[in-house]
Amino acid sequence: MFDLDRTLTRRPTYSAFLVFVAWHRSPLRLALLPLVVGLMAAYAMRLITRTRFKQLEHRVLLGRSLPGSEIRALADRFAAFVASAWVSPQARQRIAQERSEGRVVVVASAANSIYLDPIARLLEIGHVVATQSTWRGDVLLPDIDGQNCYGVAKRDMIEAYAAQQGWMREAIHVRFFSDHLSDAPTFAWADEPIAVNPSGPLRAFAAERGWPILDWG
């Protein structure tokens with residue numbers, strides 16, 4: 001099981017996706033980026049939740065609604081770019097190694113499924129646990145459907161997905177790769193935690209516990 005941002009990819013993807021879509025669809029909206037910076041500051045000061053920040057950032061850069069066909073086409077283009085330019089060779093090699101050992105490969109991330117699903121397809125990963133969007137018919141809205149797949153919610157969503165797949169926890173061995181200490185609940189749930197490109201706090205946390213630490217660049 002792999003996290004996405006800064007684990008499989010060299011850079012975070014959500015804001016990059018919104019900017020990519022805005023640039024190709026309505027470049028004038030990029031003039032609102034200072035407002036996004038303000039929202040980031042509000043989140044850093046804990047004035048708004050992470051979920052609320054993501055919803056507001058979406059609304060600022062992409063507007064209140066987007067046709068499904070349009071956003072899916074742009075998501076496919078963004079996914080192709082990320083898979084070719086931002087996924088490290090070491091990440092690809094590790095995915096291949098896990099698959100060759102007969103393991104089921106899963107990506108679990110706070111990234112939105114709109115673009116994570118096509119990234120996963122390009123990496124030949126068949127199982128995705130991700131943040132979901134709200135739709136009105138075939139129109140994309142800014143709101144998140146359910147929970148933002150982050151922190152404790154990520155672990156809970158992984159558990160729910162495993163149950164849907166019929167993977168009984170006591171019957172499986174889970175190897176989990178991530179870069180960030182926010183994934184501590186999932187690290188604790190896994191049998192084999194592995195820190196990849198870790199942030200400073202996770203590097204210290206992993207070193208104290210003797211976890212493997214991998215640097216993929």
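Trainee: How many cavities of 30 Å³ or more does a search of the whole structure find?

Mentor: Keep in mind that this is a predicted model. The search covers the whole structure and takes cavities of 30 Å³ or more, and the count is 2.

Trainee: Okay, which element gives the most to the lining of the largest cavity?

Mentor: That cavity holds about 50 Å³ of space. Two or more lining residues come from each of α3 (50-62), β3 (127-136) and β4 (139-145). Leu141, Pro142, Asp143 and Ile144 are among the lining residues. With 4 residues, the element that gives the most is β4.

Trainee: And by class, how many charged residues are in that lining of the largest cavity?

Mentor: Look at the lining list, which includes Lys54 and Asp143 alongside residues such as Thr131, Gln132 and Ser133. By class there are 4 nonpolar and 5 polar residues, and the charged ones number 2.

Trainee: Now the second largest cavity: which element gives the most to its lining?

Mentor: This one has about 40 Å³ of space. Its lining includes Tyr14, Phe17 and Leu18, along with His58 and Leu62. The elements giving two or more residues are α1 (14-25) and α3. The top contributor, with 3 residues, is α1.

Notes
Residues numbered from 1 in each chain as written. Predicted model: local features only at pLDDT ≥ 70, side-chain atom pairs only at ≥ 80, totals over all residues. Heavy atoms only, no water. 1 Å grid on protein atoms, 1.4 Å probe; cavity = no way out; pocket = protein on both sides within 12 Å on 5 of 7 lines; lining within 4 Å. Points joined across faces, edges and corners; volume = space filled by probe spheres on them. Nonpolar A, V, L, I, M, F, W, Y, C, P; charged D, E, K, R; others polar.
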